[in-house]
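Here's a quick walk through a two-chain model, written for someone who likes to see the cut-offs spelled out. Have a look at the structure first, then read on.

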Amino acid sequence: MSSNNLDQLYRQVIMDHYKTPRNKGTIEENSVNIEMNNPTCGDRIHLTLQVEDGIVKDAKFDGEGCSISMASASMMTQAVKGKDVDTALKMSGIFSDMMLGKEYDDSVDLGDIEALQGVSKFPARIKCATLAWKAMEKGVHNEEKS
Amino acid sequence: MNPEIKSYFPILKQEVNGHPLIYLDSAATSQKPIQVIEALKEYYESDNSNVHRGVHTLGNRATEKYEGAREKVQKFINANATEEIIFLRGTTTAINLVAQSYGRANVEEGDEIVITYMEHHSNIIPWQQLAKERGAVLKYIELEEDGTISLENVRAAITDRTKIVSMVYVSNVLGTMNPVKEVAKIAHEHGAVMVVDGAQAAPHLKIDVQDLDCDFFAFSGHKMVGPTGIGVLYGKKHLLEQMEPVEFGGEMIDFVGLYDSTWKELPWKFEGGTPIIAGAVGLAAAIDFLQEIGLDEIEKHEHHMAAIAMDKMSAIEGLEIYGPKDPAKRAGIVTFNMKEVHPHDVATVLDMSGIAVRAGHHCAQPLMKWLDVTATARASFYLYNDESDIDRLVEGLRSAKEYFSDVF
């Protein structure tokens, strides 16, 4: 087996997030709820965000899916927590560029998320990685509208 | 099975990610033998023309090939007449046609449509839509624990209010072969029509629609070594005759006036627009190919593959196989999950070894719910697979397990 290629995808830090997800659960009060799934494969995420004064105060997720989708969700919640909404959305844009293999803005510190860069080499798995970010974007937009 | 068969499939002669390709996703779509590819090429190089209209020679040749394909399909499924064979895009279109034409005309408020928990979305949603539109009740036949259907449950579900029973012949997830002949009998006792989704059956077993006594039978060319974009709806002539077309336009008309028109006779009234000529030609070549090997031989090979695969795969600790345990009760489809490794991850690891399997919900979300899983992995075998493919799969699965147990 080409485990070198696999190692590019399944980096240690990704497996760590998969095995011990951060921010797992739901925020019960004052939160915006987003359910999102990937209809082609069955991955499902339930994200709750607490946004106050334009700041993502808290983020928790629950769901079912592959290592990439769950690790990405864990990393995303970790990344956006405490950030203002604009920064969160900007990070989402950067992440999307990274997944598409485009040049991306490296002025923002992405932390663990950088480990997901290898996913861009696996086109079938990009949607797994972007699911949680799509959910976050939707949640933030819903919050703005309300 | 003759080992030469593999050599007829050019696509299988390649390497994927540095390993010889092992294609185990034929339940999604099958690969095409050189005979089918050549038939398409020859049609486009020598005979391409529109059908049923040209006076010229090419028009005649194309028409002969297209109608010849219909005759071939008629014999392939032992239909009574060529009028009963309608060429459409695939199984989905065929079932939608039955729902929108027969269903709209015959299902009233409070009537029942009966399907099962193991249907593909293409045999669920057309009926959901029809039920909503007509105020009808959509009922699901419960499955047995091993993923089979008992006739007791069928009898319990079908009543005198049932107008349509629609059931998959071979499940695309569990591999279960359903007793559609017996179900058709029960449906008829209650005055209902029987629709059979034959997408996974036509590639693998001898089909005899007269023996099954089903009223409609739908299948797709691409799952039986034919091209994509061609499928068949078989319907009993007396039913098709009373049905209205759902697509209107060229080719399907008899006389067109300013405010009213009349339709051609069967089967053309259901084939609006320039038909899928090349697709039908390719399907005819696919049927020739399968018949030369023999459908009985293919079915035997699949039971054999299922038996070996289930045996070798179940030796892997933590691997669960869904569906009937008895290989004689299933086609060459083995759906499974590995403990601790999500099916997408299984599929990616296998892909890195050149092995193509499907991961996901297989367009059968209600069945996934019944199995209480969100996704599964599926290996499906066809006539070009052999035991060495199973060995590669098992080896790949063991590596996946090791790889993921290492990182944990």
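## A helix on the inside

Helix α3 of chain B is largely enclosed by the rest of the structure, because 12 of its 16 residues are buried. Buried here means that 20 or more other C-beta atoms lie within 10 Å of the residue's own; exposed means 12 or fewer, partly exposed is in between, and the C-beta atoms are placed from the backbone. The buried set in α3(B) opens with B:Thr91, B:Thr92 and B:Thr93, carries on through B:Ala94, B:Ile95, B:Asn96, B:Leu97, B:Val98 and B:Ala99, and also takes in B:Ser101, B:Tyr102 and B:Gly103.

How far apart are the end C-alpha atoms of α3(B)? They are 21 Å apart, which agrees with the 22 Å that residues 91–106 should span at 1.5 Å a residue. The expected span is 1.5 Å times one less than the number of residues in the helix.

## Ground rules

This is a predicted model, so local features need pLDDT of at least 70 and side-chain atom pairs count only at pLDDT 80 or more, while totals for chains, interfaces and linings use all residues. Residues are numbered from 1 along each chain as its sequence is written, and chains are lettered from A and ligands numbered from 1 in the order in which they are written.

## Chain B overall

Chain B's secondary structure comes to 13 helices and 17 strands. Those are DSSP runs, numbered from the N terminus: H or I with at least four residues for helices, E with at least two for strands. For 408 residues, a compact globule would have a radius of gyration near 22 Å, and chain B agrees at 22 Å. That radius is taken over C-alpha atoms, and the globule rule is 2.2 Å times the number of residues to the power 0.38.

Along the principal axes, the C-alpha trace of chain B spans about 75 × 55 × 35 Å. Buried residues make up 52% of the chain. Of the contacts in chain B with a separation of 6 or more, 71% are between residues 24 or more positions apart; a contact means that two C-beta atoms, placed from the backbone, lie within 7 Å.

## The seven-stranded sheet

Seven strands of chain B form an open sheet with mixed pairing, in the order β4-β10-β9-β8-β7-β5-β6. Two strands pair if DSSP finds at least two bridges between them. At the edges stand β4 (85–88) and β6 (137–141) of chain B; each has a single partner strand, so one side of each is left without a neighbour in the sheet. Neighbouring strands are turned by 20 degrees against each other on average, direction ignored.

Inside this sheet, β8 (193–197) and β9 (216–220) of chain B pair in the parallel sense over three bridges. Which residue of β9(B) is the bridge partner of B:Val195? That would be B:Phe216.

Three bridges join β13(B) to β14 (333–338) of chain B in the antiparallel sense, and B:Leu319 stands opposite B:Met338 in β14(B).

Chain A has five helices and three strands, and along the sequence they follow α-α-β-β-β-α-α-α. Its radius of gyration is 14 Å, close to the 15 Å from the globule rule for 146 residues, so chain A is as compact as a globular protein of that length. The C-alpha atoms fill a box of roughly 50 × 30 × 25 Å along the principal axes, and 40% of the residues in chain A are buried.

At the interface, 20 residues of chain A are in contact with 19 residues of chain B. On the chain A side, α1 (3–9) and α2 (12–19) each supply at least two residues, with α1(A) giving the most, four.

Key
Axes are lines fitted to C-alpha atoms, for helices over the stretch in contact, and angles run from 0 to 180 degrees between N-to-C directions.
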